[in-house]
Amino acid sequence: MEQPLSSTPPSSASTAASTLVRHFPVEVRDAFDRFRAGRSPADADIVVLAVVNDHMPNKVAGATATPIDPTRLIEDLGFDSIAITEMVFFLEDLFQVRIANEEILRVRTVGELRSFLREKLGASAPTSRA
Amino acid sequence: MSRRAVVTGLGFITSIGNDRATVTESLRTLRSGIETIEFLKNPAITVKVAGTIKEFVTESPSWRDWRYPERYDFPREALRSIPPHGLYAMCATEQALLDAGLQRSDLTDGTTGLYCASAGSPSLTHLHVQQMHATRGERGNPMSVVAAIAGTLNFNLAARYGIRGAVSGFVAACASSSHALGCALDDIRLGRQTRMLIVGGEDLNAESVLGFAAMRALSTNPTAAQASRPFDRERDGFVVSGGATCLILEELETARRRGAPIYAELAGWGQAADGYNVAVSHPEGLGLADAIQRALADAQVKPCDIDYVSAHATSTATGDRSEALAIKSVFSPSGSRPTISSTKGITGHPLSMAGVMEAAFCSIALRDGFIPGNKNLVVADEACDGLNLAQETMETAPTVILNNTSGFGGSNVCHVLRRFPAE
């Protein structure tokens, strides 16, 4: 099972976050590095889309290979509630944010997830532990 | 009892082989699966050997880092919520289904059930609890329960294979998968199910092993091939192993109708407890003797019908002695002297999965016509005087086998397996 390093102390959070993206393609890892340096929403988008792709349970035939904004997480990509929970846990560790149940319950599509995280990361940027 | 049950499929990820052919060869040649290992990179740990799982790399808590044979192809949803022994179990189940000529679609109509046994995953539990404390309880991994607690095998396998019949897990330490197999037989006999998958599995790592070292139950013999020596006078404890075994049990007429390969008949089972000690077996093997008697009665066979006893003997001083005395108490009065051996001399002791793994070995022995020997038995314990222990593998075809298992708390479970067809 996947093990985000949620117990990692702040001093090593940067290393832990890099560890979390170790299995992503190099362009995603580069985008993550750029995001941490510059907080660009475009770079965050690249990472978020990769995370969505990575957490699809691979169950629904014809699931979209590259998620686009209107794509629905549950109906189109085959996410179940535990996959969404797992993805939220991963995003929390990756971006060092906290996401409440009521926040994620409002997210239904890939586009809504992107927008939500842009807002979340913008708000948390100055005090990020990363 | 009109409905009978037969073994129609086997799958193995074990210390002595990761497929039936390799396991069979290891049983015939007594090739040991035990290797030298250093736990926690600490040379001071006195336990130096284990029944290791080859071809798999599962040290990381993350499934992304795992390596396993390319012939297995599992989707993300099957991997996200399993411990290492969940991976072994899926591989063993894939083998068993192929062996039995079954598709996943054959398992979903409610007539197939699944009984599993494992101790859960101590290493993942440790990690998750550590994470919980580090965040003072504010965060936790969403998979921490389903991937780690005892029951993880039945949760994950039932979901993966769409099984809608009886699904449960059994927790009786080293007797667990024997309970699973016995209860599966009952469900088939009672007409509740026509097919049962019985799966036992265990992790093999420091967390799964060293608790037994704390009990002083493990061998400290550093020579891998000689450390596990059931019934031998020089035994000094057991050698832990892990892996997974899947055994498919089917109602006889159902198996016949679909032309399934039949290894053997599971003719009966019995269980009885010692009521004596939390960890130590009864010194005279009282509960095990009762379990043997009940299994023989259930299978409607006499002691003289048994020609091979697959012993539980794990290579501990107390347990092996108790089992020897239990066997004597059942067989000696009638003058019968079945051949006896424990395969743990080559496998080590895979804890919860021992019972189903050894029932699977018995099934192979019945079909292929041999009796596995007892590795490292040089001079038998005096408690074994009068018993017919097999040091080497015998090319003798057994007809009725007794398979013994014992676990903590004095749980004892025995199966009787019969060659099929009988003549």
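**A hairpin and its sheet**

A: B:Asn404 has B:Cys414 as its bridge partner in β13(B). Some ground rules come next. This is a predicted model, in which local features need pLDDT of at least 70 and side-chain atom pairs count only at pLDDT 80 or more, while totals for chains, interfaces and linings use all residues. Residues are numbered from 1 along each chain as its sequence is written, and chains are lettered from A and ligands numbered from 1 in the order in which they are written.

Helices (H or I, at least four residues) and strands (E, at least two) are DSSP runs, numbered from the N terminus. Two strands pair if DSSP finds at least two bridges between them. Strands of a sheet pair through backbone hydrogen bonds, either parallel or antiparallel.

Start with β12(B). Eight bridges pair β12(B) with β13(B) in the antiparallel sense. The two strands form a hairpin, with three residues between them. In that turn, B:Gly409 has a positive phi of about 80°. β9(B) also pairs with β12(B), over three bridges and in the parallel sense. There, B:Tyr308 has B:Ile401 as its bridge partner in β12(B).

β12(B) is mostly covered, with eight of its eight residues buried. A residue is buried if 20 or more other C-beta atoms lie within 10 Å of its own, exposed if 12 or fewer, and partly exposed in between; C-beta atoms are placed from the backbone. Both faces of β12(B) are covered. On one side sit B:Val400, B:Leu402, B:Asn404 and B:Ser406. On the other are B:Ile401, B:Asn403, B:Thr405 and B:Gly407.

Now take β8(B). Nine bridges pair β8(B) with β13(B) (residues 411-419), again in the antiparallel sense. One pair sets B:Ala273 opposite B:Ser411 in β13(B). β8(B) also runs antiparallel to β1(B) (residues 5-13), joined by three bridges. In β8(B), B:Leu266 is the bridge partner of B:Ala5, and B:Ala264 stands opposite B:Val7. Ten of the ten residues of β8(B) (residues 264-273) are buried, so the strand is largely enclosed by the rest of the structure.

Step back to the whole sheet. Eleven strands of chain B form an open sheet with mixed pairing. The order is β5-β4-β6-β7-β1-β8-β13-β12-β9-β10-β11. β5 (167-169) and β11 (388-389) of chain B stand at the edges with a single partner strand each, so one side of each has no neighbour in the sheet.

For the contacts, two residues count if their C-beta atoms, placed from the backbone, lie within 7 Å. Axes are lines fitted to C-alpha atoms, for helices over the stretch in contact, and angles run from 0 to 180 degrees between N-to-C directions. Helix α13 (residues 354-368) of chain B lies across β1, β6, β7, β8, β9, β12 and β13 of chain B, running at about 170° to β12(B).

Some backbone details of chain B follow. The peptide bond from B:Phe420 to B:Pro421 is cis, with omega near -10°. B:Pro421 is in the segment after β13 of chain B. B:Phe231 is not a glycine, yet its phi is positive, near 70°. B:Phe231 sits in the loop between α8 (224-227) and β7 of chain B. B:Phe231 is buried, with 27 other C-beta atoms within 10 Å. B:Leu40 also has a positive phi, near 55°. The loop between β2 (34-36) and β3 (49-51) of chain B holds B:Leu40. B:Leu40 counts as exposed, because 11 C-beta neighbours lie inside 10 Å.

Chain A is built of six helices and zero strands. Of its 130 residues, 30% count as buried. Helices α2 (residues 26-38) and α3 (residues 41-55) of chain A pack at about 135°, with axes 8 Å apart. That makes α2(A) oblique to α3(A). Angles under 35 degrees count as roughly parallel, over 145 as roughly antiparallel, 65 to 115 as roughly perpendicular and the rest as oblique. The residues in contact include A:Phe32 and A:Phe35 of α2(A) and A:Ile46 and A:Val47 of α3(A).

The contact between the chains takes 13 residues from chain A and 20 residues from chain B. The chain A side has four nonpolar, six polar and three charged residues. Here Ala, Val, Leu, Ile, Met, Phe, Trp, Tyr, Cys and Pro count as nonpolar, Asp, Glu, Lys and Arg as charged, and the others, Gly among them, as polar.
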